[in-house]
Amino acid sequence: MVQEEIRRRNLSRLLRHVHLAGPVSRAVLGERMGLNRSTIGALTAELAAAGLVGEEAPTDTGRAGRPSLLVRPGSTRVYVLAFDVAVDWLVAARVGLGGTILERRWAPRPRAGADLERVVDVLAGFGRRLHETAPAGSVCVGVGASYCGMIRPGDGMVRFGPDMGWVDQAFGAELSRLLGLGLPVRVGNEAHLGALAEQQRGAGVGFQNLIYLHGDVGVGGGIIVGDKLLDGDGGYGCELGHMVVNPYDGRPCGCGSQGCLEAEVGERALLDAARRPAGLAGRDALRAVVDDADRGDPVARAALHHIGDWLGIGVANLINLFNPGIVVFGGMLRDVYPGTAQQVRARIARHVLPVAKERVRLRIAALGDDSTLVGAAELGFSALLADPLGALKRAAARATAGFPPG
């Protein structure tokens, strides 16, 4: 029994390495896992027989002797369905092992208040079509979703989504029911998932301590300390956008407070500072302000300067608190940060403790607008990566129970 558990754990570790790193040699896998060549060969053979990995000779080693085979993820054998629910759009994708986005669907999301029924209907339709068009013989092993709100761990209940008025909406359960694939939908907070995705595949690769700030209409956050995501006692931690930075004359926030970071740097704050019409909203409107500032428009430049100052105060506080190696700006902040970088850095220089600011890096999200979608896909892959062969066995059992693979 002990040997079987060790084998399962090693299969999990090897597949996770290949899934995250891409093609990697047997020799490197042995070094990373602390296992000898024959053990790595046996583990690879098991995973290859299941179609989870493949092997190929390296094209150019530059070294004498027999080259070590490259182990690559089997991106056509298994896949997950990943969903991303933002304020203004809905995205669904079929994602192969290794994180390859194989196919995606997109739809706008009107700002129409609590819209659970419409969101679930659109996403379930996308998911069923992505599942139906998957190659014959491939298997859906999980479903993950990102939502712009506070998510209850375990059942995907959206406890609070202030931007669209969602309170205690059974998002995960309803999406699973309408998909009809016999799979639970694992749901995570967008910024938490974005933080994990950027650390595993994006700007934060190699950093054990990372802060991710995600801008949508407001601002969300994810904090990784010592390679672990901070999630709080109830799973609702790291609401960085609701850190109060301007308590006395701050702008009202959708959470009911005032002077929150997201109230001072979010969509409406920037558009108001740039003197844009009250009815204007959305990413295109934000990018128009950024473009105008790049062209030298004084009002747009002053707006970015103003927003950047508040953003810098928030970032300085976070650096003093958590001493991250890197701060990553995603979502709409990916567009806004370059025009505010001078103010952010000025606040860091003025307010951050010297030893904490010595090495910290500031970067935009390398995965672009896919950070949260990629994070959702990783939720979907979690069961497979924890128990590769067991997860495939369960997928086969679902097929015999009337839930055929794609």
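**Close-up 1. Thr 372 is a buried residue, with a relative accessible area of 3%.** Buried here means under 20% relative accessible area, exposed means over 50%, and partly exposed is anything in between (1.4 Å probe, protein chains only). This is a predicted model, in which local features need pLDDT of at least 70 and side-chain atom pairs count only at pLDDT 80 or more, while totals for chains, interfaces and linings use all residues. Residues are numbered from 1 along each chain as its sequence is written, and side-chain values use heavy atoms, with hydrogens and water left out.

**Close-up 2. Thr 372 sits in helix 13, which covers residues 371-386.** Helices (H or I, at least four residues) and strands (E, at least two) are DSSP runs, numbered from the N terminus. Leaving aside residues up to four places away in sequence, Thr 372 touches Asp 84, Ser 146, Glu 190, Leu 193, Gly 194 and His 214. A contact means heavy atoms within 4.5 Å. As for Asp 272, that residue is 100 residues from Thr 372 in sequence and 27 Å from it in space, C-alpha to C-alpha.

**Close-up 3. Thr 372 also turns up at the largest cavity, where it is among the lining residues nearest the centre.** On a 1 Å grid over the protein atoms alone, a cavity is a set of points where a 1.4 Å probe fits but cannot get out; a pocket is an open set with protein on both sides within 12 Å along at least five of seven lines; lining residues have an atom within 4 Å of a point. The largest cavity holds about 110 Å³ of space, a volume being the space filled by probe spheres set on the points, which are joined across faces, edges and corners. Its lining has 15 residues, and Asp 84, Trp 89, His 214 and Asp 369 join Thr 372 nearest the centre. Strand 12 gives the largest share, three residues.

**Close-up 4. The second largest cavity has about 50 Å³ of space.** Trp 89 is one of its lining residues, and so are Asp 88, Arg 111 and Met 332, among others. The lining splits into four nonpolar, one polar and five charged residues. Ala, Val, Leu, Ile, Met, Phe, Trp, Tyr, Cys and Pro count as nonpolar, Asp, Glu, Lys and Arg as charged, and the others, Gly among them, as polar.

**Close-up 5. The largest pocket has a volume of about 650 Å³.** Of its 28 lining residues, Arg 186, Val 187, Gly 188, Leu 193 and Leu 379 are closest to the centre. Helix 13 is back again, as one of the elements that each supply at least two lining residues.
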